[in-house]
Amino acid sequence: MTAEPTRPGLSQWLLSEQPASRNQARLGQAWRIWLAFTRNRLGMVGLGIVVLLVLVAIFADVIAPYDPLMGGDLRTARLLPPSWDHWMGTDDLARDIFSRVVHGARLTLMVVALVAIIATPIGLLVGTTSGYFGGWIDVVLMRITDIFLAFPRLILALAFVAALGPGIENAIIAIAITSWPPYARLARAETLSIRNAEHIDAIRLQGASSGRIIWGHVVPLCMSSVIIRVTLDMAGIILTAAGLGFLGLGAQPPQPEWGAMIAGGRRFIIDYWWVATMPGIAIFVVSLGFNLLGDGLRDVLDPKAQQQ
Amino acid sequence: MALIEIEELEVVFGSGGRSVHALRGVSFTVEEGESFGIVGESGSGKSTVLRAACGLAPVTGGRILIDGVPVTSPRDPAFYRRVQMVFQDPYASLHPRHTIDRVLSEPLAIHGFDRREARVEQALVEVGLGKGFRFRYPHQLSGGQRQRVAIARALILEPKVILLDEPTSALDASIQAEVLNLLDRLRAERGLTYVLVSHDLAVVSHMCERLMVMQNGAVVEQLTRQALRDHATTEDYTRNLLTASEGFTRDPALQT
Amino acid sequence: MSPLLSVENLRIAFPSRQGPVEVVRGVSFELGRERLGIVGESGSGKSQTGRAILGLTPVTGKATADRLEFDGIDLRNATPARWRSLRGARMSMVMQDPKFSLNPVMTIGKQLMEAVKLHGGQSEARDKSIAMLEAVQIRDPDRVMAAYPHELSGGMGQRAMIAMMLVTEPDLLIADEPTSALDVTVQIEVLRILDRLVSERGMGLIFISHDLELVSTFCDRVLVMYAGQVVEELDAAKMSEARHPYTRGLLGCLPKINGDVRPLPVLARDAAWLE
C-alpha cells in the first residue's frame, strides 16, 4: 500500500514551511507523520487489519449472510463443515459461524475502544500527576499502582468480574481497571524526564498553574509513548476479553463473542475443528493487526527510535 | 532605590549528608535600566542565582527584593509580568509540539492580555522574525531563530527585568553577534534591565556596565566594565579568567 | 619528507528525501607533524571531515576521495581489520564530551589498560597507563585509575580521555572540539598538554573547533570551512591578513573585552561563497 496520489497543490500546502494558520500547521504536522507511517509496510498492514475490523463491525448487518443468534434447521444444519453456503461452517446450534464472527467484531471493537477510553486517561492522569509533583503524592499514587501491578491481570480481572457479576460490560470495566497501571508507570517515567526540561521551566515562569502545565505541556509529550503502548496492549486486551468469555465470565450466550465461541466449540474440537478454530483465527488476525500497527506507530512517533 | 536587591542569598539543594551548598551568601544590587553581568565557571552557582531569583531554585536564606518589596514564595502573577527569563539552550527551551503561535499566546492567555493576535505578530516582528514564522514548529527553525522566539516569549508580557542565562553560548559566533545586537537594541528601546549570566568575559564586557565574578557559590568580586578592561582587578581568580580568555599562549619553556 | 596525511577532494554525502546532500564538498589538504586547525560553524562539515579520516562516517553517509593516504597507506578501501590495526594504535580521536566517550561502568584504569593491551604490551600496561596519566598532568594517577568516569570533573575526564587516546602513542590525533565543554581556565591547561605532546612526540594534530581565536593562537595552520568547503587556508600567525570575507566576518563578529563596537558587525553570507 502506498500513499494515494494527491494533487500537488494540496501536498504543497500541507508541507509548507510557512503555514498561514493554526489548522494548516496542525494538518501539516499530521500529514508528515502519515507520510512517515506509509513508508512502513508492516505498519500499513496492521492499519489495514484494524480498519477492516472497524468496517466489518460497522457493516456487520450487511456483510453477515445469516442471523448470528438464530440458527437454521437443527436437524439438517448443525455442525456443517465450511462450504460455499457457510464459509466457516455452522456450530452445534446450526448458526452460521461466519456471521457470528462478523458480529463478534462489534463486541471486540467495543471492548478495545472502551478499555482504551477508560484506561488511557486514568493512566495518563495518575502517571503525569505523580511524576510532576513528586514527593508524597508520587509515593501514594505509585504504591496504589504497585498494588494493581502485583496481581496477574487475568486473575485480577477474574476477581473483579466475580464481584461485579458476569457480562460483557463488567468484563470491560474489569479489564480497564486492570490495564491502567502500566500506562501510569510509563507516563510517570516520561514525565520525570520532561519535568526539569527548560521549556517546562519557561512556562512555569510565565505563571502557568500546575494543571495547565500538566495538561498542556506534559501530557502531549507523554501521549505518543502511551498511545504506542496502548496499541501494543490491544492484543493482550482482546485475549483477556476472550479469556473471560472462554471462562464464561465475559459475554454471555448467545452473544457472538469470540472467546465464548471458542469455549463453545471446545467440546467437539476433534470432530468439528472449525467451530473453535474460526473465531481463534479472528482473534489471532486482529491481535496481530494491533501489534503491527503499534510497531509502526512506534517507528513514527517515538523520537528515541528515530535517531538510528 | 535599586530595582533588584539580593541580600545574603543562600541556596542548598537536597538535604542531609548529600546536600549541595550552591550559593553561599551572595549579595548584589541592580539599578533600573542597568545591565549587570555574572561571570563564573561551571559550578560557580552563577545560573543558580537567576533560578533562585525567579523561584526555580529553593532559597534557604537571604532576601530578594524587587523595588524594595520582598518577593513572595511562590511568586505571584505580578512578579512574572515584571521579571522574565531567557534560557541557555534554544533547543530545549521551546516545547517541541507547540507552534510558535502557541508559545507566544500562552503567557498572554494566562495573564489575560487583550489584543493577543496583534501582540503575537508584533513580538515576532520586534525580534526580527516576521509574521511568516508564527505557525511554524520549533524543529523548523534554526538555533538562532529559536533563541529569537525565546526572547519574544520573554518580552511578550512587557516585563521590566530580563534574566539572561547564557543566552548565546549554544549559538555559532555569527549568530551570537546577531542575538547580542538584538538584546542591545531591545534594551535601548524599552529601557529594560538585564541580568546576564555567562562564562564568556567578552560577552559580559560587551553587554554589561557592571559585573560580578563568582566561584564556588560565592562572590569573588564586583567590578565595572572599565575596571575589567583596565585589568584593574584585585583578585587572582579574575586575573586568571582574563588571561585565559585571551586565548592560548605557548609555554615559554617550549619555545625553542 | 612525504606528508603524514594527505586528503584530496574528499566528499561526504548523506541521503535525504530530496536526494543525496553533500555535507563535505571537495576538501583537500596535507598534514605533516604539525598542528592543523579546522574552523567552521555548525554544519560546515568540519566534524565529518575529521570522522571520515578515521573511517567513522555514519553508515548512512558515503565518503569518497581522490586520495586519502595516511603514511603511505591508502585508507579508501581499507578492510575492517586494517582499520582496527590503525585506529587507536596509529591514529586516535578525542571527542567533545568525555561523558559520552568513556564507559561509565568501568574504571579509568581498566579502560586505559585495555587500550594498552589491545595494541601489545601486556605486562607493562599499568606502568604505562600511570605514566600517561602523569603526562596529562593528573597529580594523583592512582586515585584516577580506580575512579569511575562520573567521579571525575569535566577537565579531569577530558584529560583521562586524552591519556587514553595517547597511551598507544599514535602518529595522528584528531581532536574534535576537545575543550568546548570545559571552562576557560581548564581549557588552556588541556591545550597546553596537547601542545606539549605534539612537540615532544612529533605527532600530527588536527584540531577541529568553532573558536577561530582559540585555533589561531594554538595551531600552526588553519583551514576555514564553510558549507562543506575550505574557503581559506592561512598561517595561524597571519590571521589578521585573512582575505576571505567569511573569515574576516567570523573574526569581526566576536565581542572583545576591550572593544566597544556597537552594534557588533554581523556576518552577511554571500551565495557566491558556495561556488
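A residue is counted here as buried if 20 or more other C-beta atoms lie within 10 Å of its own. By this criterion, buried residues make up 46% of the 256 residues of chain B in this predicted model.

Chain B contains nine helices and 10 strands. Its radius of gyration is 19 Å, close to the 18 Å that the globule rule gives for 256 residues, so chain B is as compact as a globular protein of that length. The C-alpha trace of chain B spans about 60 × 50 × 40 Å along its principal axes. Of the contacts in chain B between residues at least 6 apart in sequence, 67% join residues at least 24 apart.

Turning to chain A, the secondary structure comprises 13 helices and zero strands. The C-alpha trace of chain A spans about 75 × 55 × 30 Å along its principal axes. Of its 308 residues, 41% count as buried. Among the contacts in chain A with a separation of 6 or more, residues 24 or more positions apart account for 69%.

Chain B also meets chain C, in a contact that takes 28 residues from chain B and 30 residues from chain C. On the chain B side, the elements giving two or more residues are α6 (173-190), α7 (201-207), α8 (225-229) and α9 (236-245). The largest share, seven residues, comes from α6(B). By residue type, the side of chain B that touches chain C divides into 11 nonpolar, 10 polar and seven charged residues.

Terms used
Residues numbered from 1 in each chain as written. Chains lettered and ligands numbered in written order. Predicted model: local features only at pLDDT ≥ 70, side-chain atom pairs only at ≥ 80, totals over all residues. Contact = placed C-beta atoms within 7 Å. Helix = DSSP H or I, 4+ residues; strand = E, 2+ residues; numbered from the N terminus. Nonpolar A, V, L, I, M, F, W, Y, C, P; charged D, E, K, R; others polar. Buried ≥ 20, exposed ≤ 12 C-beta atoms within 10 Å, placed from the backbone. Rg over C-alpha atoms; globule rule 2.2 N^0.38 Å.
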